[in-house]
Amino acid sequence: MVVLSASVCTRQGKALVSRQFVEMNRLRVEGLLAAFPKLVEHGQQHTYIETDSVRYVYQPLENAMYLLLITTKTSNIVEDLSTLRLLAKVVPDVAGGLQEHAVS
């Protein structure tokens, strides 16, 4: 499993909290996060999107936010989903809720 980045972002792609696990410059991270909302098709049951270079694994949160993992395309999707589920349990506890002001 190669997670490039884990983020909590708004539906517009603005990162509230982001952590990179490999060396990535800020412009690349912001570009990947900005591209994400344009790729999401509302009403879909899938919680991942693949592009030419990365895979987005996400979970919609309350209050128009997403919990988002950006991984390599060769990453194990089952492990990625397990990691996402774990983050979905941890983030509200650490942030004190799922409000935008609490997360940022």
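Which residue of β5 does R55 stand opposite?

The model is predicted, so local features are reported only at pLDDT of at least 70 and side-chain atom pairs only at pLDDT 80 or more, while totals for chains, interfaces and linings use all residues. Residues are numbered from 1 along each chain as its sequence is written, and side-chain values use heavy atoms, with hydrogens and water left out.

Let me start with the fold. The chain has three helices and five strands; here helices (H or I, at least four residues) and strands (E, at least two) are DSSP runs, numbered from the N terminus. Read from the N terminus, the order of elements is β-β-α-β-β-β-α-α. Of the 104 residues in the chain, 38% are buried. Buried means under 20% relative accessible area, exposed means over 50%, and partly exposed lies in between, with a 1.4 Å probe and protein chains only.

I turn to strand β5. Eight of its eight residues are buried, so β5 is largely enclosed by the rest of the structure. Strands β1 and β5 run antiparallel and are joined by seven bridges, where two strands count as paired if DSSP finds at least two bridges between them. Within that pairing, V8 has L67 of β5 as its bridge partner. Strand β4 also pairs with β5 in the antiparallel sense, over eight bridges. This brings me back to the opening question: the residue of β5 opposite R55 is T71. The two strands β4 and β5 form a hairpin with three residues between them, and N63 in the turn has a positive phi of about 60°.

Next, the aromatic residues. A pair of aromatic rings is described by the distance of the centres and the angle of the planes. In this work, rings of Phe, Tyr and Trp (its six-membered ring) pair if their centres lie within 6.5 Å; planes under 30 degrees apart count as stacked, over 60 as edge-to-face and the rest as tilted. Searching the whole structure gives four aromatic pairs. One of these is F36 with Y66, which is edge-to-face at 5.1 Å centre to centre and 90° between the planes. Because F36 lies in helix α1 (residues 26-39) and Y66 in strand β5 (residues 65-72), this pair ties together parts that are 30 residues apart in sequence. F36 is buried, with a relative accessible area of 0%, and Y66 counts as buried at 3%. Y66 also pairs edge-to-face with Y58, at 5.6 Å centre to centre and 90° between the planes. Y58 is buried, as is Y66. Ring pairs link F36, Y56, Y58 and Y66 into a cluster.

Y66 has a further contact. The charged end of R11 sits over its ring, 4.8 Å from the centre. The criterion is that NZ of Lys or CZ of Arg is within 6 Å of the ring centre and within 35 degrees of the ring normal.

I now come to the salt bridges. Side chains of opposite charge can pair when their charged atoms come close. A salt bridge is taken as a side-chain nitrogen of Lys or Arg within 4 Å of a carboxyl oxygen of Asp or Glu, and the whole structure contains three.

R26 and E30 form a salt bridge at 2.7 Å, N to O. Both residues lie in helix α1, four residues apart, about one turn of the helix. R26 is exposed at 65% relative accessibility, whereas E30 is partly exposed at 37%.

R55 takes part in a salt bridge with E50, the closest N and O atoms being 3.0 Å apart. E50 is partly exposed, with a relative accessible area of 40%, while R55 is buried at 6%. R55 also forms a salt bridge with D80, where the closest N and O atoms are 3.6 Å apart. That pair links distant parts of the chain, with D80 in helix α2 (residues 77-95) and R55 in strand β4 (residues 54-61), 25 residues apart. D80 and R55 are both buried. Through shared partners, the salt bridges join E50, R55 and D80 into one network.

What are the relative accessible area and the accessibility class of V2? V2 is partly exposed, at 36%, and is found in the segment before β1 (3-10).
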